[in-house]
Amino acid sequence: MQASLEVTRSLLSDDGAEPTRVIARRLQELLDADAVEALGAGTPEAGARGQDDRPLMVLHLSRDGAELAVLVASRLPARPPFDSDDRDLAVAFVGEAGAALELADARASRERGALLADRDRIARDLHDHVMQRLFGAGLTVESIAAGLGTDPRARRLAAVVHEIDETIAQIRTSIFQLRGPLLAPVGGTRSRLLAVAAAAAAELGFDPALRFVGPIDAVVPSGLVDDLAAVLREALSNVAQHAGATSATVSVTATGSELVVLVDDDGAGLGATQRRSGLDNLRRRAEAHGGHLALDRPATAPGRDPAPGTRLRWTVPL
Ligand SMILES: Nc1ncnc2c1ncn2[C@@H]1O[C@H](COP(=O)(O)OP(=O)(O)OP(=O)(O)O)[C@@H](O)[C@H]1O
Ligand SMILES: [Mg+2]
C-alpha cells in the first residue's frame, strides 16, 4: 500500500497547542481547509479524498473518551480510494498503536512512581535526620550562649543560632518542594494551603498539622482560594505571635454546603484583649462570601479537662 502514515500523540504534545488544533494543523498538510473543517472530531468514511484528489483515511485513537492520537493514511493523488480491506488493516494498526501507547504510558507512570517514592524518602530523611540534628545543634549553641551572660562571644553564638534557624527554614521549603507534587496537583487549593503552612512553620517553631476533609480541590471556587490562603496565614501568624503554643492543627473541611476552616492551638488562649486587626480582616473576608468568623476554645474530648488554647473557626457557604 502506497501510503503515508502519521500518528500524532495529539493530547500529549507539549507545545501547549489545543489538541484539536494540533490535529487540524497536521491534517492541513494533507487536506484543504474545507476538508479539515468537515472532518471535525469524527472519523470520516474510508472513501474520503483530500487535497490533490488524494485518497485519505483518518482514524482516531481514543481511550476512556479522551482522544490520544490520530492516524492519517493517504495515497498519492488520483490513486484508487481506500477500500474496506485497507480500512480493516488500518484499524488493526491503530489497535496495535494504541497498545504500544498504553504500554509506554504504563512504563512512564511506573518511572514517575519510582521517582516520587525516591523524593519522598529524601524529604523524610531531611526532615527526620538532617533537620532534627541541626535543631539539636542549635539548642546546644543557644544554651552555651545563655551561659556566657554578657560575654561578647554570646552575640557571635546568637548569630550562629540564627544561621542554623535560617538553614532549617530553607530545608523545610526544600521538603515542601520535594513533596509538593506528591501531595496535590500544582496550583490546587490544598497545595496552596500546604505552602502557607510550610512557610509559617519557621515562625511557629513547629510544623502545624494539616487535615483536609472532602474534595477541597474540586469544590473550592478559584475566587475563594486567595481568601483561604490569607485566613490560614493570619491564623498561624497569630498562633506564632500571641499563643505561645507548642502545636497547632488546621483542618479544612468541605461538606456539601459549606467550607469550614478550623485552626486550633494549645497556647495561652485569647485573654481579654479588645484589639482586633488581622482578625477583623478575616471576618470581613468571611462576610464577603456570606460566611462568618468565630473565636473560641478548641473542642474538648468528653471526660477531659477543658483544652487550653484557641480555636479559630472560619466558615463560608459553598
Ligand atoms: N491564637 C491566639 N492565641 C492567643 N491570642 C490570640 C490568638 N489570636 C489572636 N489573639 C489575640 O487577639 C488579638 C487580635 O488579633 P489580631 O490578629 O486581630 O491582631 P494582631 O495579631 O495583634 O495584629 P496584626 O494582625 O495586625 O498583626 C491579638 O493581639 C492577640 O492578643
Ligand atoms: Mg494578627
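Is asparagine 238 buried or exposed? Select it and see: asparagine 238 is buried, with a relative accessible area of 17%. Here buried means under 20% relative accessible area, exposed means over 50%, and partly exposed is in between, using a 1.4 Å probe and protein chains only.

Some ground rules before moving on. This is a predicted model, where local features need pLDDT of at least 70 and side-chain atom pairs count only at pLDDT 80 or more, while totals for chains, interfaces and linings use all residues. Residues are numbered from 1 along each chain as its sequence is written, chains are lettered from A and ligands numbered from 1 in the order in which they are written, and side-chain values use heavy atoms, with hydrogens and water left out.

**Stop 1**

Color helix α7 (residues 222-243) next. Glutamate 234 and asparagine 238 are 4 residues apart in α7, so about one helical turn separates them. Helices (H or I, at least four residues) and strands (E, at least two) are DSSP runs, numbered from the N terminus. Glutamate 234 counts as partly exposed, at 22% relative accessibility.

**Stop 2: ligand 1**

Of the 15 residues around ligand 1, Glu234, Asn238, His242, Arg275 and Ser277 come nearest; a residue is near a molecule or strand if one of its heavy atoms lies within 4 Å of it. Both α7 and α8 (278-287) supply at least two residues each to the shell, and α7 gives the most, with 5 residues.

Turn on distances. An oxygen atom of ligand 1 is 2.8 Å from an N or O atom in the side chain of glutamate 234. For asparagine 238, a polar side-chain atom likewise lies 2.8 Å from an oxygen atom of ligand 1. Over at aspartate 265, a polar side-chain atom is 2.9 Å from a nitrogen atom of ligand 1. Taken alone, ligand 1 exposes 600 Å², and the protein buries 84% of that (Shrake-Rupley areas with a 1.4 Å probe; for residues, only the protein chains shown count as cover).

**Stop 3: aspartate 264**

Select aspartate 264 in strand β6 (residues 258-265). Aspartate 264 is buried, with a relative accessible area of 16%. Its side chain and that of arginine 311 are joined by a polar contact of 2.8 Å. Such a contact is a pair of N or O atoms within 3.5 Å; within protein, one must be able to donate a hydrogen and the other to accept it, and residues adjacent in sequence count only if both atoms are side-chain atoms.

**Stop 4**

- Valine 58 lies in strand β2 (residues 56-63) and is buried at 2%. Valine 70 is 12 residues away in sequence and 6.9 Å away in space, C-alpha to C-alpha.
- Leucine 68 is in strand β3 (residues 66-74), buried at 9%. Between leucine 68 and leucine 101 there are 33 residues in sequence and 8.7 Å in space, C-alpha to C-alpha.
- Arginine 172 sits in helix α4 (residues 152-183) and counts as buried at 12%. Alanine 198 is 26 residues from arginine 172 in sequence and 6.9 Å in space, C-alpha to C-alpha.
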